[in-house]
Amino acid sequence: MVKLRTIIIYFTTKFGTYCVPNKALSLDEGTMSWRGRLSFKVYNPNKPDKYGVKLYMLAEAGTGYIIDFEVYAGVGKTTVETMMALMRPLLHKGYHLYMDKFYNSVHLTELLREHGVYTCGTLRLQRGAPKILQQLAKGKFPVDQTIFRRKDITFIILWKDKRVVSVITNCHNADTQEVQRRKRVRKRDGATSVKIVTVNKPSAICDYNTNMKGVDHFDQMVKYYRFTRKSHKWTKKSHFISFRWLYTMHVLYKMYTTDAKKLTLLHFHEVAIWSLLRWDQNEWPATESPIPHAEDYQDPSDDLATPGPSGVRLPLFPPPPQAQDTSSSDTEPETETPEPEPRPPPAKNPRIVDPEDRLNKKLTHAIVKIAKRKRCRVCIKSGIRRDSMYQCKTCGVAQCVTPCYTKYHRKRVFWVAKK
């Protein structure tokens with residue numbers, strides 16, 4: 001998770017600030033399909049993707065807008081700690097949270113109520129329910145009957161339909177409402193027929209069935225148009241970085257757009273991807289200040305960045321000499337001369353010259369595909385024989401996509417000296 005923690009925190013922070021969710025929220029788990037080797041891969045036979053990475057997801061009940069999520073890594077937080085971490089920005093605001101029996105308990109319901117969050121969901125009776133209800137659930141009582149126990153505003157309700165359903169809520173009471181449903185009836189001759197019957201269902205169960213579809217609706221929408229490819233690295237398969245967040249942006253688009261005819265999800269995917277691939281100088285004009293780039297990439301195989309004491313890597317370029325205080329000393333301080341920068345090894349082909357605009361951040365440096373493979377410029381100076389089918393559009397120099405392209409455009413000394 002260290003490889004994705006920065007980008008996950010960035011996007012979850014952005015989506016948490018761009019939208020104020022409605023009152024009803026739903027919490028459920030999702031699965032990122034993955035069958036490769038991974039220490040925190042889980043198996044859930046009840047999910048469409050049985051093998052993968054489990055995600056705890058907090059979504060808006062109506063639209064499926066993902067407010068926050070957390071990756072299950074196998075160790076660390078308990079279920080209660082995970083719940084409180086996901087709900088931390090929404091505490092003391094009166095939200096209604098719907099969740100299933102995997103998370104729910106009497107202790108969690110009372111804890112969230114102290115922090116201004118009302119809850120509703122199914123419950124395992126062993127998690128704090130009264131003993132009398134646990135005994136009644138194991139016995140027999142008539143169909144379409146409701147039994148409940150109350151503590152302050154918290155209700156634990158048992159309702160018998162085909163089987164016993166147990167619900168805990170502090171945003172409903174024990175009232176029921178008439179609901180029509182289909183019932184299959186078998187006749188004496190063996191034939192079956194379907195008729196409509198009316199049952200008295202508790203209001204808490206009706207609201208739970210309506211508002212618990214947020215995460216399921218989100219999973220349904222992101223499976224329509226998949227564009228991931230097979231990979232041996234699970235970080236490249238992490239679809240909560242790709243089409244999961246594209247759907248979240250589509251929800252924001254429908255929420256704030258003023259267009260009479262809104263884009264469909266497929267058309268929105270096309271527009272968003274082409275906007276990322278196409279660069280228009282009129283839309284993004286160059287400014288006086290250069291575009292900030294990341295610090296120099298420290299390659300572990302780079303012999304110039306030799307390990308220092310206690311396993312700390314020394315910087316690639318020596319720091320500038322610090323000014324010394326000469327007021328208390330009679331002798332003049334010795335002037336330290338910085339070490340000269342390392343020179344690149346002599347190239348086998350002296351006609352190859354780097355362009356002057358290689359480090360110019362104001363130009364449009366973009367990697368493009370070429371018809372015939374060429375030798376990578378960074379690998380040539382590193383003494384490595386490697387061909388690439390990509391080159392920089394502006395520099396016209398062939399480079400590997402990673403990490404040679406980044407080194408060539410961000411480092412003054414982009415080659416790796418060999419002993």
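A residue is taken here as buried when its relative accessible area is under 20%, as exposed when that area is over 50%, and as partly exposed in between. In this predicted model, Arg181 has a relative accessible area of 24% and is therefore partly exposed. Arg181 forms a salt bridge with Asp161, in which the closest N and O atoms are 3.0 Å apart. Because Arg181 lies in strand β10 (residues 176-186) and Asp161 in the loop between β8 (154-160) and β9 (164-169), the pair ties together parts that are 20 residues apart in sequence.

The count of salt bridges in the model comes to five. One of them joins Lys151 to Glu110, with the closest N and O atoms 3.3 Å apart. Strand β7 (residues 146-151) holds Lys151 and helix α3 (residues 106-114) holds Glu110, so that this pair ties together parts lying 41 residues apart in sequence. Lys151 counts as exposed, at 58% relative accessibility, whereas Glu110, at 34%, counts as partly exposed.

A further salt bridge is formed by Asp354 with Lys381, the closest N and O atoms being 3.9 Å apart. Asp354 is placed in the loop between α8 and β12 (367-375) and Lys381 in helix α9 (residues 377-381), so the pair ties together parts that are 27 residues apart in sequence. With a relative accessibility of 23%, Asp354 counts as partly exposed, while Lys381, at 14%, counts as buried. Asp354 and Lys381 are also linked with Arg377 in a network of salt bridges.

Turning to open space within the model, the largest pocket holds about 750 Å³. This pocket is lined by 29 residues, of which Asp68, Phe69, Glu70, Val71 and Lys77 are the closest to its centre. The elements that give two or more residues to the lining are α1 (5-18), β4 (66-71) and α2 (79-87), and the most is given by α1, with six residues. By residue type, the lining of the largest pocket divides into 16 nonpolar, eight polar and five charged residues.

Technical notes:
Residues numbered from 1 in each chain as written. Predicted model: local features only at pLDDT ≥ 70, side-chain atom pairs only at ≥ 80, totals over all residues. Heavy atoms only, no water. 1 Å grid on protein atoms, 1.4 Å probe; cavity = no way out; pocket = protein on both sides within 12 Å on 5 of 7 lines; lining within 4 Å. Points joined across faces, edges and corners; volume = space filled by probe spheres on them. Helix = DSSP H or I, 4+ residues; strand = E, 2+ residues; numbered from the N terminus. Nonpolar A, V, L, I, M, F, W, Y, C, P; charged D, E, K, R; others polar. Salt bridge = Lys/Arg side-chain N within 4 Å of Asp/Glu carboxyl O. Buried < 20%, exposed > 50% of the residue type's maximum accessible area, 1.4 Å probe, protein only.
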